[in-house]
Amino acid sequence: MNIADITVRSAEITDAPELSRLIHELAEYEKMSDKCTATPESVARMMTEENGLRGVIAEAEGRAVGMAVFSLYKLATFSGKRVLYIEDIFVEEAQRGYGIGKMLFDEIIRTAKSLECLKIEWKCLAWNTSARSFYESRGGISDPEWLTYTLDLRKD
């Protein structure tokens, strides 16, 4: 594959089935398939919500081979600006190593700048050293001052 054959574009509601497929592939890669309940309908619904799911898709020969999905729901109250939060970046295994992840990440940066966001945030699984290396190569840093806490609402 040639990187010139890859196009990156904003995700549309009609892309919900492909986003759902890629989300399931990501869940399988992260060994979390049992937790993945996304459907094309739920993805489409999230895309229609205010401050809901947004994304970019990488395509090769008209087929989605990667995605980056994000939201703008977070606020940086001290600055009065939004924070773009990357929920997931994923490139199909067979398509890795061609620069698709970089293209997706660069598009996210352009999007955040055009929306006048203060910063971009995301999470990465500690065991995923290849993703951590990728993020660090793009200028990402782990913030030792702020701990991430979660409350799992799936539990009773």
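# Salt bridges and ring pairs in a predicted model

Q: Which residues are linked in a network of salt bridges?
A: In this predicted model, a network of salt bridges links Glu18, Arg21, Glu25, Arg63 and Glu92.

Q: And how many salt bridges does the structure hold?
A: The structure holds ten salt bridges. Side chains of opposite charge can pair when their charged atoms come close.

Q: Take arginine 21 and glutamate 18 then, how far apart are the closest N and O atoms?
A: The closest N and O atoms of arginine 21 and glutamate 18 are 2.7 Å apart in their salt bridge. Both residues lie in helix H1, three residues apart, which is about one turn of the helix.

Q: What is the relative accessible area of arginine 21, and what about glutamate 18?
A: Arginine 21 has a relative accessible area of 24% and is partly exposed, while glutamate 18, at 28% relative accessibility, also counts as partly exposed.

Q: Glutamate 92 is in that network too, so is it buried or exposed?
A: Glutamate 92 is buried, because its relative accessible area is 6% and the cut-off for buried is under 20%.

Q: Where is glutamate 92 found, and what is it in contact with once its neighbours within four places in sequence are left aside?
A: Glutamate 92 is found in the loop between strand S4 (81–91) and helix H3 (100–114). Apart from those sequence neighbours, glutamate 92 is in contact with Arg21, Leu22, Glu25, Arg63, Ala64 and Val65, and among these Arg21, Glu25 and Arg63 are linked with Glu92 in the salt-bridge network.

Q: What about glutamate 121, which residue does it form a salt bridge with?
A: Glutamate 121 forms a salt bridge with lysine 119, and the closest N and O atoms are 3.2 Å apart. Glutamate 121 counts as partly exposed at 22% relative accessibility, and lysine 119 is likewise partly exposed, with a relative accessible area of 39%.

Q: Switching to rings, how many aromatic pairs are there?
A: The count comes to six aromatic pairs. One of them is formed by tyrosine 29 and tryptophan 127, a tilted pair with 6.0 Å centre to centre and 50° between the planes.

Q: Which parts does that pair tie together?
A: Tyrosine 29 lies in helix H1 (residues 16–29) and tryptophan 127 in the loop between strand S5 (119–122) and helix H4 (129–137), so the pair ties together parts that are 98 residues apart in sequence. Tyrosine 29 counts as partly exposed at 30% relative accessibility, and tryptophan 127 is partly exposed as well, with a relative accessible area of 43%.

Q: Why is the pair of phenylalanine 105 and phenylalanine 134 edge-to-face?
A: The ring centres of phenylalanine 105 and phenylalanine 134 are 5.9 Å apart and their planes stand at 85°, so the pair is edge-to-face, the cut-off for that class being over 60 degrees. This pair links distant parts of the chain, with phenylalanine 105 in helix H3 and phenylalanine 134 in helix H4, 29 residues apart.

Q: Buried or partly exposed, those two?
A: Phenylalanine 105 is buried, with a relative accessible area of 3%, whereas phenylalanine 134 is partly exposed, with a relative accessible area of 23%. Ring pairs also link both of them with Trp122 and Tyr135 into a cluster.

Q: Back to tyrosine 29 and tryptophan 127, which charged residues lie over their rings?
A: The charged end of arginine 96 sits over the ring of tyrosine 29, 4.7 Å from its centre, and lysine 31 lies over the face of tryptophan 127, at 5.2 Å from the ring centre.

Definitions and conventions:
Residues numbered from 1 in each chain as written. Predicted model: local features only at pLDDT ≥ 70, side-chain atom pairs only at ≥ 80, totals over all residues. Heavy atoms only, no water. Helix = DSSP H or I, 4+ residues; strand = E, 2+ residues; numbered from the N terminus. Buried < 20%, exposed > 50% of the residue type's maximum accessible area, 1.4 Å probe, protein only. Contact = heavy atoms within 4.5 Å. Phe/Tyr/Trp six-rings, centres within 6.5 Å; stacked < 30°, edge-to-face > 60°. Lys NZ or Arg CZ within 6 Å of the ring centre and 35° of its normal. Salt bridge = Lys/Arg side-chain N within 4 Å of Asp/Glu carboxyl O.
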